[in-house]
Amino acid sequence: MLLCQISDPHIVSAGTRAYGKVDTGSMLERCVSKILALPRLPDAVIATGDLTDHGSVEEYRVLADLLTPLRMPLYLVAGNHDEPRALRSVFPQHAYLAGEDEFLQYAIDDFEVRLVVLDTTVRGRPDGELCARRLQWLDRTLAASNRPTIVAQHHPPFTTGLSLMDQMTLVNPEAEAEVIARHPHVQCVISGHYHRTIHTRFAGTVASVCPSTAHQLVLDLTLGAGIRFTFEPSAFQLHLWNGQQVITHTALVDDYPSWGSRD
Ligand SMILES: [Fe+2]
Ligand SMILES: [Fe+2]
């Protein structure tokens, strides 16, 4: 199975730019074209949150148009910039978005690898938190099947050394770690939010952050560093299940010269 992950497209209304600067719509359009031009097409695409910048219906309509060319199943995850009600209203055909209670979380059993999507968002807050109900749901859902599983969420379950962003991420990763550690069939925990490629060990598995399809975060690991964004190359990730493990590749959206035979 080949799962494509895109993250943090931050789509804004047509004709505008995020921060007055970033043409996030065109950048997502190019990313979608790149995915469709891959020599091996992914079996599914998952978008790990901050799908829009302000969570408006208008922005979700722009997002829906931009994602329409993707012919494979598409799974949406809410980020801190998203608004679940507006999201659901624009994607009514995405039945899984009905979620669990008010949370936008669900499991997909249609592939060799099971997808379990966890809602880490808290209304009106940039950081994330997993309440007891969501943690119980995660535990129950992971216990329901021993099949290899990828857990996807917006806020990663670890801090990164990017200090100001670390004050705006999941506040209780240790609670998630306790649950994940009980389920060794979890192959990896994939996320977004940080607009960079990041990996670490987590609860007996691997946790990672996918870069943004739009702007990236400046890599500044000094203590107290502020949040600055950059037009470093935008990218997405391909998670390949080879029957035994998940291997993650980062793919740049821009094209570069290449040589050699394909065969
Ligand atoms: Fe974001
Ligand atoms: Fe975010």
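**Close-up 1. Protein donors around the iron ion (ligand 1) in the predicted model.** Along the sequence, the donor residues of the iron ion (ligand 1) follow the spacing D-x1-H-x39-D-x144-H. Distant parts of the chain are linked here by a pair of residues 42 positions apart, with Asp-8 in the loop between strand E1 (2-6) and helix H1 (24-36) and Asp-50 in the loop between E2 and H2. Asp-8 counts as buried because its relative accessibility is 0%.

**Close-up 2. Protein donors around the iron ion (ligand 2).** The iron ion (ligand 2) is coordinated at 2.1 to 2.2 Å by Asp-50 (OD), Asn-80 (OD1), His-154 (NE2) and His-193 (ND1). This site, too, is irregular, with angles of 87 to 156° among its four donor atoms, and its donor residues are spaced D-x29-N-x73-H-x38-H in the sequence. Asp-50, in the loop between strand E2 (44-48) and helix H2 (57-67), and His-154, in the loop between strand E6 (149-152) and helix H5 (163-166), form a pair that links distant parts of the chain, 104 residues apart. His-154 is buried, at 0% relative accessibility.

**Close-up 3. Asp-50 and the two iron ions.** The iron ion (ligand 1) and the iron ion (ligand 2) are 3.6 Å apart, and Asp-50 coordinates both of them. Asp-50 has a relative accessible area of 2% and is therefore buried, the cut-off being under 20%.

**Close-up 4. Helix H4 (residues 132-143) and its buried residues.** Helix H4 comprises twelve residues and reaches 16 Å from its first C-alpha to its last, which is close to the 16 Å expected at 1.5 Å a residue. The buried residues of H4 are Arg-134, Leu-135, Trp-137, Leu-138, Thr-141 and Leu-142. Seen down the axis of H4, these buried residues fall within an arc of 160°, so they line one face of the helix. An α-helix has 3.6 residues a turn, and residues three or four places apart therefore point the same way. The elements covering the buried residues of H4 include strand E4 (106-108), strand E5 (114-117) and E6, together with helix H6 (173-181) and strand E7 (186-191).

Note on methods. Residues are numbered from 1 along each chain as its sequence is written. Chains are lettered from A and ligands numbered from 1 in the order in which they are written. This is a predicted model: local features need pLDDT of at least 70, side-chain atom pairs count only at pLDDT 80 or more; totals for chains, interfaces and linings use all residues. Side-chain values use heavy atoms; hydrogens and water are left out. Donors are N, O and S atoms within 2.8 Å of the metal (3.2 Å for Na, K and Ca); water is not among the atoms, so sites may look incomplete. Four donors count as tetrahedral if all angles lie between 85 and 135 degrees; four count as square planar and six as octahedral if opposite donors are over 155 degrees apart and all others between 65 and 115; anything else is irregular. Helices (H or I, at least four residues) and strands (E, at least two) are DSSP runs, numbered from the N terminus. Buried means under 20% relative accessible area, exposed over 50%, partly exposed in between (1.4 Å probe, protein chains only). The expected span of a helix is 1.5 Å times one less than its number of residues. The arc is that of the directions from the helix axis to the C-beta atoms. Contact means heavy atoms within 4.5 Å.
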